[in-house]
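Q: I have a structure open on my screen and would like to learn how to read it. Could you walk me through it, one feature at a time?

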Amino acid sequence: MTYHPKSEFLRVMFERGFVADCTDYQALDEALIAGVVPAYIGYDATAASLHVGHLMNIMVLRWLQKTGHKPITLMGGGTTKVGDPSFRSEERPLLTSEAIDRNIAGLGRVFSRYLSYGEGATDAVMLNNAEWLDNLNYLEFLRDIGRHFSVNRMLSFESVKSRLDREQSLSFLEFNYMILQAYDFLEINRRYGCLLQMGGSDQWGNIINGIDLTHRVIDKQIYGLTTPLLTTSDGRKMGKSASGAVWLSGDMLSPYEFWQFWRNTTDADVGRFLKIFTELPVAECDRLGALQGAEINQAKILLANLATTLLHGAEAAQAAEATAREVFEKGGVGDDLPTLQLSAAEVAEGITLAQLFVRAGLAPSGKEAKRLILDGGARVNDEVATDAGLRIGAGELAAPLKLTAGKKRHALVMLG
């Protein structure tokens with residue numbers, strides 16, 4: 001639908017392409033005008049870092065705070081023990097409490113780059129749903145909360161229906177997930193006055209459940225707002241590169257590789273990504289996105305610099321750009337390239353070139369590495385590599401080896 005919001009937050013959401021759906025645009029708009037709206041997005045702690053696929057919703061929380069409202073980042077310390085079945089073909093592996101706590105600490109470091117946490121009215125707060133889920137009394141929970149859920153309706157949700165239609169197992173444990181997520185919204189409203197849950201469009205059913213439950217149990221009006229599933233112009237899901245997930249943790253993906261991911265954006269996506277992943281004015285995003293030929297490359301560099309500055313800081317962005325310039329313009333090796341360090345023991349009998357490309361993160365598998373080399377897309381020290389089985393020993397690593405996949409992805413290999 002076409003809605004013309006009056007509140008600054010919703011206006012930014014519409015202008016920059018963040019809106020997929022909302023339970024009640026007008027009522028939410030009025031609440032945003034009336035005062036500070038606490039709003040949350042939930043994140044299960046299934047990995048030690050978030051990835052680029054999560055970044056759209058992190059930017060939503062950042063804009064929420066910038067427009068005078070209160071972001072709540074909900075860590076799924078409790079729900080991670082169950083596992084979200086949404087649009088998955090199989091059950092998630094269950095993690096220990098210690099692993100979940102470690103992952104939550106990693107996620108917290110990412111959020112602190114984008115949000116300001118504290119005690120103020122619009123300062124962000126981080127919650128953990130283990131606080132209210134870990135000690136639930138099962139019989140009381142069934143009686144007080146479970147009675148509000150229709151199994152018929154739950155079976156109709158696309159996330160559940162798709163599993164059952166494919167005759168893939170859905171455990172009772174996973175089936176409980178949507179009840180627990182709905183209960184989260186109820187509890188965060190009770191405890192913190194939270195009026196809005198946001199998330200990707202795949203969470204629409206779960207968000208509606210929480211709104212429904214809260215209305216039934218405490219008769220409060222609350223809202224849901226979803227963001228679109230973000231795909232690139234060629235139809236690929238956002239968040240993956242040729243060598244795997246684009247992690248937001250600098251320990252799992254170097255600032256240079258993060259910068260390079262944005263620098264490699266397809267021409268057709270530049271304007272849209274500037275709106276979503278930077279804070280440049282919308283008109284400037286449109287102008288840059290309309291550039292053609294070599295000029296669009298400057299827009300891509302700006303996108304890479306701004307996105308990297310938000311996550312890793314201005315210094316890391318400048319270093320990444322300098323490294324890229326050295327690699328691409330001067331043919332050097334650069335100081336900030338991703339580096340694979342091998343021990344003398346690992347290369348005692350030599351390591352094949354194909355294995356090196358896999359170990360350096362330039363190919364996802366040995367088969368893909370061999371294909372890359374066979375197709376002439378692999379270089380070693382800027383020379384085309386032709387022999388995937390060539391063994392590299394300590395002698396060849398006396399000086400660092402520069403590996404190149406395609407035109408834009410590079411890594412160094414050296415003896416540690």
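A: Gladly! Let us begin with exposure: a residue is buried under 20% relative accessible area, exposed over 50%, and partly exposed in between (1.4 Å probe, protein chains only). Leu-390 has 41% relative accessibility, so Leu-390 counts as partly exposed. Keep in mind that this is a predicted model, where local features need pLDDT of at least 70, side-chain atom pairs count only at pLDDT 80 or more, and totals for chains, interfaces and linings use all residues. Residues are numbered from 1 along each chain as its sequence is written, and side-chain values use heavy atoms, with hydrogens and water left out.

Q: Where does Leu-390 lie, and which residues does Leu-390 touch?
A: Helices (H or I, at least four residues) and strands (E, at least two) are DSSP runs, numbered from the N terminus. Leu-390 sits in the loop between strand S12 (383-384) and strand S13 (391-392). Contact means heavy atoms within 4.5 Å. Not counting residues up to four places away in sequence, Leu-390 touches Ile-351, Thr-352 and Leu-353. The C-alpha atoms of Leu-390 and Leu-353 are separated by 5.5 Å, although these residues are 37 residues apart along the chain.

Q: Is Asn-189 buried or exposed?
A: Asn-189 has a relative accessible area of 5%, so Asn-189 is buried. Its place is in helix H10 (residues 177-192). Leaving aside residues up to four places away in sequence, Asn-189 touches Cys-194, Leu-195, Thr-214, Ile-218, Lys-220 and Ile-222.

Q: How do I read the sides of a helix, and which residues of H18 are buried?
A: An α-helix has 3.6 residues a turn, so residues three or four places apart point the same way. In helix H18 (residues 366-374), the buried residues are Ala-369, Leu-372 and Ile-373. They cover an arc of only 95 degrees around the axis, which puts them on the same side of H18. That arc is the one of the directions from the helix axis to the C-beta atoms. The face turned away from the buried side of H18 carries the exposed residues Lys-367, Lys-370 and Leu-374. Helix H17 (353-359), strand S11 (378-380) and strand S14 (401-405) are what the buried residues of H18 pack against.

Q: How many residues of H12 are buried?
A: Helix H12 (residues 255-263) is mostly covered, with seven of its nine residues buried. Among them are Phe-258 and Trp-262.

Q: Which residues have the most contacts inside the largest nonpolar core?
A: A nonpolar core is a set of buried Ala, Val, Leu, Ile, Met, Phe, Trp, Tyr and Cys residues joined through side-chain atoms within 4.5 Å. The largest one here has 73 residues, and Met-198, Phe-258 and Trp-262 have the most contacts inside it. Apart from it lies another core, of 30 residues, including Leu-74 and Met-178.

Q: How are two packed helices described?
A: Two packed helices are described by the angle between their axes and the distance between the axes. Axes are lines fitted to C-alpha atoms, for helices over the stretch in contact, and angles run from 0 to 180 degrees between N-to-C directions. Angles under 35 degrees count as roughly parallel, over 145 as roughly antiparallel, 65 to 115 as roughly perpendicular and the rest as oblique. Helix H13 (residues 270-277) and helix H14 (residues 282-289) pack at about 155 degrees, with their axes 7 Å apart. That makes H13 roughly antiparallel to H14. Among the residues making the contact are Leu-274 of H13 and Cys-285 of H14.

Q: At what angle do H13 and H15 cross?
A: The axes of H13 and helix H15 (residues 295-312) cross at roughly 20 degrees and come within 10 Å. That makes H13 roughly parallel to H15.

Q: Is the crossing of H3 and H4 left-handed or right-handed?
A: A crossing is left-handed if the near helix is turned anticlockwise from the far one by less than a right angle, and right-handed if clockwise. The crossing of H3 and H4 is right-handed. Helix H3 (residues 55-66) and helix H4 (residues 97-114) pack at an angle of about 50 degrees, with their axes 10 Å apart. H3 and H4 are therefore oblique to each other.

Q: What is phi of Asp-219 near?
A: Most residues other than glycine have a negative phi. Phi of Asp-219 is near 55 degrees, a positive value in a residue other than glycine. Asp-219 is found in the loop between helix H11 (204-218) and strand S6 (223-227).
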